[in-house]
Every structure is written in structure tokens, then in C-alpha cells.
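I opened this entry to keep track of what I looked up.

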Amino acid sequence: MMADPRFFAVAGPLSVGALAERTGATVDGDASTVIRGAAPLDTAGPDDVSLFDNPKFREAFGQCQAGSVVVHPKDREFAPDGMALLISETPHKAYALAVQALYPEPEISPGVSEGAHVSAEAKLGDGCGVADGAVIGANAELGAGCTIGSNAVVGEGVILGEGCRVGAGATLSHCIVGARVNIYPGVCIGQDGFGFAPDAEGHVKVPQIGRVIIGDDCEIGANTAIDRGSNADTKIGPNCWIDNLVHIGHNVRLGKGVIVAGLCGIAGSTVIEDFVAMGGQVGISGHLRIGTGAQIAGGSGVIRDIPAGETWGGYPAVPIRQWHRQSAVLAREAKSSNQESGKS
Amino acid sequence: MMADPRFFAVAGPLSVGALAERTGATVDGDASTVIRGAAPLDTAGPDDVSLFDNPKFREAFGQCQAGSVVVHPKDREFAPDGMALLISETPHKAYALAVQALYPEPEISPGVSEGAHVSAEAKLGDGCGVADGAVIGANAELGAGCTIGSNAVVGEGVILGEGCRVGAGATLSHCIVGARVNIYPGVCIGQDGFGFAPDAEGHVKVPQIGRVIIGDDCEIGANTAIDRGSNADTKIGPNCWIDNLVHIGHNVRLGKGVIVAGLCGIAGSTVIEDFVAMGGQVGISGHLRIGTGAQIAGGSGVIRDIPAGETWGGYPAVPIRQWHRQSAVLAREAKSSNQESGKS
Amino acid sequence: MMADPRFFAVAGPLSVGALAERTGATVDGDASTVIRGAAPLDTAGPDDVSLFDNPKFREAFGQCQAGSVVVHPKDREFAPDGMALLISETPHKAYALAVQALYPEPEISPGVSEGAHVSAEAKLGDGCGVADGAVIGANAELGAGCTIGSNAVVGEGVILGEGCRVGAGATLSHCIVGARVNIYPGVCIGQDGFGFAPDAEGHVKVPQIGRVIIGDDCEIGANTAIDRGSNADTKIGPNCWIDNLVHIGHNVRLGKGVIVAGLCGIAGSTVIEDFVAMGGQVGISGHLRIGTGAQIAGGSGVIRDIPAGETWGGYPAVPIRQWHRQSAVLAREAKSSNQESGKS
């Protein structure tokens with residue numbers, strides 16, 4: 001698939017040989033094959049590069065019409081005859097780099113639009129671009145090369161590192177953000193956490209006096225909300241990928257490289273250690289610790305600590321094999337109960 | 001209930017006879033009864049039209065004070081004496097048309113507000129209205145009669161069909177939208193999907209080079225997020241109704257007439273066929289296929305394909321009768337276990 | 001922790017004695033101890049006040065370095081020697097008041113920014129502050145001392161009581177809001193509810209002719225969406241605390257003091273009585289009634305009425321003890337099944 005030129009600038013075409021250089025892959029086949037786009041295995045054409053790294057799609061790989069497919073050495077045997085393969089020990093990463101080569105990030109249009117509202121007390125680094133309707137508050141500091149989208153709001157005192165992108169309509173306050181952080185449209189960062197003393201006469205607010213600290217190279221998905229700390233900081237480590245519509249409560253700490261899929265909620269003061277990965281709609285109670293590298297199945301409700309390296313699932317969440325056994329037992333008993341009662 | 005004139009223009013009053021003409025219903029009772037508003041069965045007064053189509057409210061129907069109620073022929077027997085009924089084989093639809101007759105969509109105020117930011121390279125069809133603070137990017141194309149709300153953002157190159165409404169603060173990019181699509185406030189469409197190769201040295205982004213394609217007559221609820229495709233398009237068929245705070249991942253395809261309630265999440269590349277309906281907070285894993293007309297109970301976590309026409313529920317989701325049996329078995333065993341242990 | 005002066009004005013220092021006066025606590029120890037900030041038990045220093053009200057942190061309390069800790073009389077025995085304690089029967093509330101004393105709400109900057117768009121037909125009370133890019137529609141009425149954040153939208157006819165704060169990028173329409181309501185960034189209030197008659201030829205919209213009515217002293221979390229009523233009003237009682245990314249459907253009614261944690265969804269026409277509290281990601285079906293003071297565990301899926309005062313959990317939700325028994329039975333059977341099959 002060629003990306004639609006309405007929306008994307010194309011850098012290609014590039015030969016399979018050029019892509020091998022850019023991705024660290026080795027070529028098995030005709031290195032002069034010309035690639036212009038990228039597509040899934042089942043729709044790719046002779047101009048496209050594709051990726052095979054999921055056994056579920058082995059048949060599609062065998063029938064694939066792509067000009068080239070990135071593939072692990074162990075899987076080359078499943079390729080159609082004559083295809084120019086890009087062989088890599090890390091095929092997903094090599095594919096990512098190939099698409100980056102074909103479709104590099106668009107250049108920033110530097111400068112402050114006439115329709116933007118930038119405080120005279122804000123400091124903008126070299127080459128920043130600020131779109132119409134964006135608001136940048138007093139004492140905000142933007143590193144070089146930041147892009148602030150239309151109608152985004154960068155609140156008073158907020159600090160952004162170099163090369164950050166703030167999507168349209170996103171709102172930031174009370175936060176300090178590292179370099180190259182990509183904040184998607186509609187994101188809210190730095191607002192009050194959910195802190196109050198319950199009281200029948202009217203719940204009593206606890207002023208939220210912490211900040212949000214975000215490390216380098218994070219991605220924060222659309223309409224996600226990250227509350228500032230109550231009496232400590234909310235912290236997101238470097239290289240975290242957070243999907244859309246995620247809720248991160250006050251004082252939560254994420255280590256580095258954490259992956260959080262859409263619609264997850266992490267309650268206050270919970271610590272998520274490095275490289276934890278969670279599927280969509282996971283909920284994690286407050287004041288818990290999820291150990292390094294733990295994985296959590298989508299939809300799980302986590303109410304106790306998870307040890308490092310373990311995979312958990314279920315509601316309430318338990319080790320994943322236990323969850324699978326529970327589901328199997330339940331299915332069996334329901335079937336047996338049904339037979340006893342004579343229903344089909 | 002008369003709608004509050006602060007917010008709504010009233011077209012009525014209309015007689016029950018006039019409502020019958022507008023809705024295809026037939027009158028049983030005094031067709032000259034005058035109707036000005038609409039209300040639920042339990043609060044409706046003599047000026048109101050109401051709807052009975054849920055057996056749960058049979059008692060409320062019997063005691064209802066409404067001037068008229070829309071009702072299926074099989075249910076007319078439950079009506080209070082003397083009420084002017086609107087009899088319809090499709091009472092919900094007839095009721096919808098009756099309220100449309102009483103409260104038509106407000107007229108658009110055409111013209112571009114002084115406080116809007118419209119690119120000189122954008123094309124606006126006849127009669128579009130663009131509110132203060134709205135931003136319309138270069139090469140965007142709006143069909144006739146579109147309304148762009150305050151502080152909404154229509155990004156570069158975006159195409160909207162005739163009669164679209166974009167709510168306040170919504171942000172659109174990388175998308176092509178059909179006619180009469182109603183995009184609610186805070187919606188984000190067209191941002192990057194959640195695509196990267198996991199890597200301990202820093203996850204590697206896969207550029208997202210697809211678009212979002214939306215069919216005619218869709219409704220997209222407040223703060224919903226629809227990501228653009230990674231190497232294909234994300235597609236929403238015509239007549240889809242998507243509620244608030246829904247997450248639709250990259251490359252997802254919805255057929256026509258699909259209904260998605262609030263807080264659902266649909267992971268990447270999943271295909272939802274025509275007329276599927278899902279309750280709130282449903283999660284669907286990636287790369288699945290949900291068959292035509294399938295129904296999914298609220299809160300379900302779907303991790304495998306669902307055949308056409310089936311109703312599923314549970315976490316993980318199973319056919320609905322199996323889920324009900326599982327819940328019943330579990331309840332019985334918990335009760336029995338409790339009695340054995342002597343607790344109340 | 002001293003709050004970062006980039007973002008917060010500090011009112012302190014205050015002595016422990018002064019904090020006792022402001023909070024109704026009594027001092028046990030040196031009332032002249034000087035307090036400047038607030039921090040959790042494990043990181044608090046000699047300038048900080050902290051809170052002990054969770055037995056999970058008894059060890060941290062015993063080793064705490066805080067200048068003062070607010071504590072219930074029954075727990076004073078766990079305090080480190082020599083600490084200046086603030087003794088209170090309601091320690092969480094006293095702590096909240098202490099932090100309020102140290103970090104009062106910032107003063108509003110009154111006046112309408114040049115970059116705001118305020119209709120000539122809107123009425124603003126004394127001392128309102130309207131930030132750049134905010135839009136206030138015709139016939140909107142703001143009580144005295146309201147703050148409207150950057151790029152927020154207050155739609156036509158909307159009424160706000162005194163002292164409301166509307167966060168950056170929030171959008172309001174078709175609503176009447178009480179005094180001192182705090183609406184966080186990205187919130188959407190008053191858009192159409194999800195109302196239509198399903199129809200294979202195209203679902204037929206039911207015009208939504210109700211409003212949203214919000215009582216005094218509510219907090220509405222970031223990116224939460226509250227739909228207006230279909231043929232009645234959606235109502236939020238006074239003193240409700242609603243967290244981020246919550247979905248509240250049309251015609252829902254919340255009593256007073258209701259607590260709704262992040263990512264909950266409440267379907268149309270459900271009634272939530274006074275002081276109900278629900279954890280995160282709870283889903284509640286439509287047309288239900290949740291009785292006064294009921295509590296619902298995070299992640300629950302509620303499909304029937306809950307009597308007043310009860311605590312429920314699970315999916316589908318049942319009384320909490322039953323849910324715990326179900327989880328225990330299931331764990332035991334899965335273990336037993338595993339042993340039978342000889343797996344570890």
C-alpha cells in the first residue's frame with residue numbers, strides 16, 4: 001500500500017538492498033526489487049514490504065504477493081518462491097525500521113502561527129512550531145524542535161524536552177516532560193488527582209501538590225489522562241508506550257519501557273516496574289507493585305502484587321495458568337450441569 | 001416534558017394525527033390530542049408523547065398520564081383507558097420520528113466566525129458553519145452544510161462529506177469521512193495507532209501510514225478515539241453508532257450498522273461485520289472476526305472469533321447460555337461450600 | 001515534600017499548633033514544630049506533615065521521619081518516639097484540611113483574555129477569569145468568580161454557579177451547573193445521549209431533548225463524558241466526586257456524595273442513590289437502581305439492582321462475600337483438577 005499522498009510524504013522508492021542496509025537485515029533474493037509502500041501479508045502487492053512474525057498468518061505468507069517480506073531465519077521456509085526476503089533475528093524491529101525509511105516523520109514547520117497564544121514569559125527553543133489556537137502559558141519552557149498542535153494547551157511552568165510533539169487539543173499542566181515525547185491529541189496531563197477525605201457533609205479535597213514527570217521517548221495515546229501526584233510526583237519512565245484512553249492515577253510510577261494498552265486504569269500510588277506489559281482494559285488497584293517484566297492479560301483486574309517476570313490474568317487476576325485452569329473447570333462443570341438437566 | 005427553550009427550539013405543538021402521518025403509525029383514540037413534548041412513561045403529562053416497548057415498564061404504562069404513547073399492536077391492551085395511542089409495528093422507530101417532528105435539528109448558522117482559523121487552501125462547501133476557535137488545515141475539503149464546533153480541529157487534507165457535524169474540541173487528521181456523520185465533542189480521529197516493535201533498548205515505532213475511512217450517517221460519541229491504520233486503513237462502515245469513550249485500534253474494520261456502547265475497546269486489525277451490537281466495556285482482542293449480527297454482552301472480554309448471529313458473554317467470552325450456566329454453577333457451588341463450612 | 005514553586009504558591013510554613021487549629025486536631029508533642037510541605041509516610045522529612053490511616057503502612061509509620069503525622073487516637077501507639085502528632089477522630093479529613101492550609105487554591109486572575117471569544121450576549125459575574133482561546137456562547141451565564149481555562153468551550157445558554165472552574169479544553173453544552181463545581185480538562189458535558197431506534201435500513205436517531213443538571217461542589221475528572229438526557233434530565237447531585245474517563249449515559253441520576261472512580265460506565269436511566277461508592281472500571285446496566293450507601297468493587301459488572309448499604313462485586317456482580325466464595329471455590333477446584341491431571 002502506498003500511503004495516501006494527501007496525508008503522507010513518500011521518501012521511497014527504496015530497493016530491498018537499501019532497506020537491508022537501513023534495517024540490519026540480510027537479503028535472500030533479488031536485492032534490486034523496488035519497494036514503495038508497506039501492507040499486511042494478505043493485501044501486499046509487488047511494491048510493498050510486509051512482515052511475517054505471527055504463525056497464525058503462515059498461510060497468508062505462503063500466498064503473499066509482496067515484493068519483500070521481513071522474516072526470521074527460522075521462518076524463511078514458509079516464503080513463496082522467488083520472493084526477495086529481508087532476513088532478521090528481530091523481524092518486527094527490522095520491519096519498523098524499513099517503514100521508517102520509506103515514510104520518515106514529516107518535517108516540522110517552524111514558527112509560531114498568528115493564531116497561537118504564546119505568553120511573553122514562555123521560552124521556546126530553536127525551530128519549534130506552534131499551530132493556530134495553541135496556548136503556551138507563562139514560564140513554560142520548550143526544548144528545540146517541539147511541535148505544538150492546533151488548540152493544544154501547554155500550561156504555566158510546564159517544561160518540554162527537545163523534539164516533543166503535543167497533539168491537537170491536548171492539555172498539559174504541572175508537568176516536566178523529557179525529550180522526544182509524543183503526546184497524542186486529547187491527552188490530559190497534570191490535572192488534580194482523585195484525592196479527598198470522604199465525608200457525609202461533603203467530601204474534603206486534599207490539594208494535589210505533586211507533578212507529573214515523564215521520561216524521554218514516551219508515547220501517550222489519544223484522550224489518555226495522567227493525574228499529577230498528591231504529595232509525591234506521578235512518574236512515567238523513559239520509553240513507555242501508553243495507548244488511548246488510559247487512566248493513570250496520582251503518585252503512580254511506571255519504570256522504563258512499560259507497555260499499557262487501551263482503556264487500562266492504574267489506581268493511585270501503584271508502582272509498575274520496568275518492561276511490564278499489559279493488555280487492554282486492565283485495572284490495577286492502588287498501592288500495589290507489579291514486578292519487572294510482568295505481563296497482564298487484557299481485561300484483568302489486579303488486586304495484589306505481581307512478582308517479577310510472571311504472567312497473570314483474570315478477575316481477580318491470578319497466575320495465567322491458574323486462570324486458564326479455572327476457565328476450563330468452569331466450562332466443564334457448566335457442560336456437565338447442562339447435561340444433567342437435560343438441556344441441549 | 002417540554003424541552004428547555006434555553007437550549008432547544010420547539011417546532012410543535014402537533015396533533016396525534018399529525019404525528020401519525022409523520023411516523024407511519026395509526027391512531028387509536030382522539031387524533032386531535034395536542035402534543036408538545038416527550039417524556040418517559042412515569043413522568044409524562046397530557047402534552048407529552050411517550051414510548052412503551054419494554055415489558056419491565058408495563059405497570060408504568062398502565063398508569064401513564066401521557067397524551068399519547070407509541071405502542072406495538074400486541075401491547076395496546078395494557079394502555080390506560082381513553083389514551084390516544086400511536087400504534088406501530090416498530091414503536092421505537094415511530095417514537096424516534098415523532099420526537100424528530102417535535103424537535104427538528106437546529107438550523108446551522110452558516111459562515112466562518114472571525115475567531116476561526118481556516119487555511120486559505122481549505123475548501124468549504126456551501127452553507128458551512130465554522131465556530132470560534134475552530135481550525136481547518138490546508139487542503140481540507142468540507143462538503144456543503146457542515147458544522148464545525150468551537151475549538152474543533154480539522155487537520156490537513158481531511159475530507160468531510162455533506163452535512164457533517166464536528167463537535168467542540170474534536171480533532172481530526174488523516175481521515176476521509178462520509179456524509180451526515182455526527183462527530184461528538186472531544187473525539188480524536190486519525191492519530192497514530194499503537195504500533196511498535198518491542199525492544200529493551202527502546203521500543204521502535206512503526207510509522208502508521210494508513211487512514212481512517214468513515215461511511216455515511218455514523219455517530220461517534222464523545223471522547224472516543226479512532227486510530228488510523230498502520231499499513232491498511234481503519235474503516236467504519238455506514239450507519240454505525242459508536243458511543244462515548246470507545247477505543248478503536250489501527251486497521252480495525254466495522255461493517256454497516258454496527259453498535260458499540262460506551263468504553264468498549266477493539267484491538268488492532270479485528271473485523272466487526274455488519275449489524276454486530278456490543279454492550280458497554282466490551283474488549284475484543286486483535287486479529288479477530290466477529291460475524292454478522294453477533295451480539296456481545298456488556299463487560300465481555302472476547303479472545304476468539306464469534307460466529308455470525310450468535311450472542312456471547314463473559315470473560316473470557318463464551319456463548320451466552322454457556323456463560324449463564326457457568327454463573328449459575330458457580331453460585332450454587334459457592335453456596336454449597338459456604339453451608340459446609342457452617343458460615344451464613 | 002515542598003511543592004514545586006514552578007507550579008504552586010506556598011502559604012506556609014505553619015506550626016503544628018497552627019495546623020491543629022485549622023484542622024480541629026489536637027497536638028501530642030511539640031506544637032512549635034514547623035511544617036512546610038506534605039509527603040507520604042515513607043518519604044516525608046522533618047518539614048512535612050503526613051497521614052497514617054491504613055494499617056498496611058504501620059511499619060512505615062513507625063520509621064517515619066515526618067515532622068508531624070495526622071493519626072487516629074487508637075493508632076498513636078504506633079508512632080515513632082518524639083514525633084509531634086496531630087490527633088483526630090477523622091484523620092483523613094484533618095490531613096486534607098492541613099494540606100489546604102499549607103497550599104490554598106491559587107487566586108483567580110480575573111478578566112477576559114484578549115484571545116478569548118466571549119459572546120456579547122453572555123453574562124459574566126464579577127471576578128470571572130477567561131483564558132486565551134476559551135469560547136463562551138450566547139446567553140451563557142457565569143456566576144461570580146468562575147475560571148474558564150484555555151480553549152474550554154461554554155456553549156450557548158449554559159449556566160454556571162459561582163466559583164466554578166472549567167479546565168482547559170473542556171466542552172459544555174445543554175447544562176446547568178451549581179456552585180463551586182470543578183470540571184477538569186477534556187471533560188465533555190451535555191452532548192447527545194446514545195439514543196436511537198435500531199433499524200437495518202439505518203438506525204433512527206431519537207433527538208435528545210433533556211439537559212444535564214449538576215449540583216454544587218462536584219468534581220468531574222479529566223476526559224469524563226456526561227450525556228444530556230433524552231426525554232428527562234441527566235442529574236448529578238451535590239458533592240459528587242467523579243474520576244477520569246467516566247461515561248455517564250442519558251437520564252442517569254446520581255444522588256449526593258456519590259463517588260465514581262476512573263473508567264466507570266453508567267448506562268442510561270440508571271439511578272445511583274446518595275453516597276454510593278464504586279471502584280474503577282465498574283459497569284452498570286441501564287434502568288437499574290443502586291441503593292443508598294452501596295459499595296461496588298472495582299471492575300464489577302452490575303446487571304441488577306443493589307439494595308441500600310450492601311457491598312457487591314464480580315462479573316456479573318453479586319454480594320461481595322458470595323463473590324469471594326466463588327473465587328475461592330474456583331481456585332480450589334482448579335488446583336484439584338490440576339493435581340488430578342498430574343500437571344505442576
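**Confidence**

I am working with a predicted model. I checked chain A: its pLDDT averages 96, and 99% of the residues score at least 70. For the complex, the predictor gives an ipTM of 0.97 and a pTM of 0.97.

**Relation of the copies**

I laid chain A on chain B.

**Chain A against chain B**

I then looked up the contacts. On chain A, 56 residues are in contact with 50 residues of chain B. Which elements of chain A give two or more residues to the side that touches chain B? They are α3 (91-102) and α4 (320-340) of chain A. I noted that α3(A) gives the most to this side, with 7 residues. By type, the residues on the side of chain A that touches chain B divide into 25 nonpolar, 23 polar and 8 charged.

**Helix α1 of chain C**

I moved to chain C and its helix α1, residues 16-23. Which residues of this helix are buried? I found C:Val16, C:Leu19, C:Ala20 and C:Thr23. They lie on the same side of α1(C), because they cover an arc of only 105° around the axis. Just after α1(C) comes C:Gly24, with a positive phi of about 75°.

Terms used:
Residues are numbered from 1 along each chain as its sequence is written. Chains are lettered from A and ligands numbered from 1 in the order in which they are written. This is a predicted model: local features need pLDDT of at least 70, side-chain atom pairs count only at pLDDT 80 or more; totals for chains, interfaces and linings use all residues. A residue is buried if 20 or more other C-beta atoms lie within 10 Å of its own, exposed if 12 or fewer, and partly exposed in between; C-beta atoms are placed from the backbone. Helices (H or I, at least four residues) and strands (E, at least two) are DSSP runs, numbered from the N terminus. The arc is that of the directions from the helix axis to the C-beta atoms. pLDDT is the predictor's confidence in each residue, from 0 to 100. Two residues are in contact if their C-beta atoms, placed from the backbone, lie within 7 Å. Ala, Val, Leu, Ile, Met, Phe, Trp, Tyr, Cys and Pro count as nonpolar, Asp, Glu, Lys and Arg as charged, and the others, Gly among them, as polar.
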